[in-house]
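Here is a short report on one structure. Look at the sequence and the model first, then read on.

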Amino acid sequence: MTDRPILMFDSGIGGLTVLREARVLMPDRRFVYVADDAAFPYGNWEEPALKERILGLFDELLERFKPELSVIPCNTASTLVIEAIRERFPGHPFVGTVPAIKPAAERTRSGLVSVLATPGTVKRQYTRDLITQWGSKCHVRLVGSHRLAALAETYMREGFVDEDVVAEEIAPCFVEQDGRRTDIVVLACTHYPFLVNRMRKTAPWPVDWIDPAEAIARRALSLLKPRDGSSRNEAPAFGRDLAIFTSGKPHFATARLMQGFGLSLA
């Protein structure tokens, strides 16, 4: 029985939304969660420098932990490096995360869809290619938020968020056109589901908020080799799941949050 972990990589705590779903589907697996908090937020980086940083980090991470599979829940990172990272490590499986434009286009009734993302994801050609491929029959509005990811981090640490600011950040997502209204908002940042209840509360009208976390976890499960029957239902031993912060100095409240998710600081 292999005991190699599944590695999850995010710019901060956003990937915990995917880890939560992955544990439901893979209760017998071990996880290593890596938060590149030293570089947070990724939206402030120039693309070449960020790409070089992420690839360099994976040189170290794959050597150190030898994971069975790596998941990159971060849309900003995935849309930038997923092709390059697969080329650099051809023998290692990666699960990337891209805006859920295809399911949104399939489910919309009004034909008005918004993609709520970071500025980095919004400006990426990868994102625009997804719209061309899957959303050409819809009106897709890209909305880049400069503040929501940081708000989500603060909310998860402190339990408070300014709802007026949340309302301001999501307001551009809501479009009225020829008697139709936006009916789907794609949450194209794994941080954003932490704020979805506040988004529902402050939204001008009800919409379907698409959270890709379960789909990402299911994709990861599909790429793993099946385990033998004797171990399939065994929960991992306490303390086996690790959290790594690239800063080496996570905020006390963040460290406590990690422990609440069953992660031990390495």
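Which side chain meets that of glutamate 169 in a salt bridge? The partner is arginine 147, at 2.9 Å, N to O. A salt bridge here is a side-chain nitrogen of Lys or Arg within 4 Å of a carboxyl oxygen of Asp or Glu.

## Ground rules

This is a predicted model: local features need pLDDT of at least 70, side-chain atom pairs count only at pLDDT 80 or more, and totals for chains, interfaces and linings use all residues. Residues are numbered from 1 along each chain as its sequence is written, and side-chain values use heavy atoms, with hydrogens and water left out.

## Salt bridges

The structure holds 16 salt bridges. Take the pair of glutamate 169 and arginine 147 again. Glutamate 169 lies in helix α8 (residues 163–170) and arginine 147 in the loop between β6 and α7 (148–158), so the pair ties together parts 22 residues apart in sequence. Helices (H or I, at least four residues) and strands (E, at least two) are DSSP runs, numbered from the N terminus. Glutamate 169 is buried, with a relative accessible area of 12%. Arginine 147, at 35%, counts as partly exposed. Buried means under 20% relative accessible area, exposed over 50%, and partly exposed in between (1.4 Å probe, protein chains only).

A second pair joins glutamate 68 and arginine 29, also by a salt bridge (2.9 Å, N to O). Glutamate 68 sits in the loop between α2 and β3 (69–71), and arginine 29 in the loop between α1 and β2, so the pair ties together parts 39 residues apart in sequence. Both glutamate 68 and arginine 29 are buried. Elsewhere, Asp3, Arg30 and Arg240 are linked in a network of salt bridges.

## Helix α6

Helix α6 covers residues 125–134. Its buried residues are Thr127, Leu130 and Ile131. They span an arc of only 100° around the axis, which puts them on the same side of α6. That arc is taken from the directions from the helix axis to the C-beta atoms.

The buried residues of α6 pack against α3, α4 (101–107), α5 and β6 (139–144). Contact means heavy atoms within 4.5 Å. The face turned away from the buried side of α6 carries the exposed residues Thr132 and Gln133.

## Helix α1

Helix α1 spans residues 16–25. Leu16, Thr17, Val18, Leu19 and Ala22 are buried there. The buried residues of α1 pack against β1 (6–10), β2 (31–35), α10 (213–223) and α11 (252–260).
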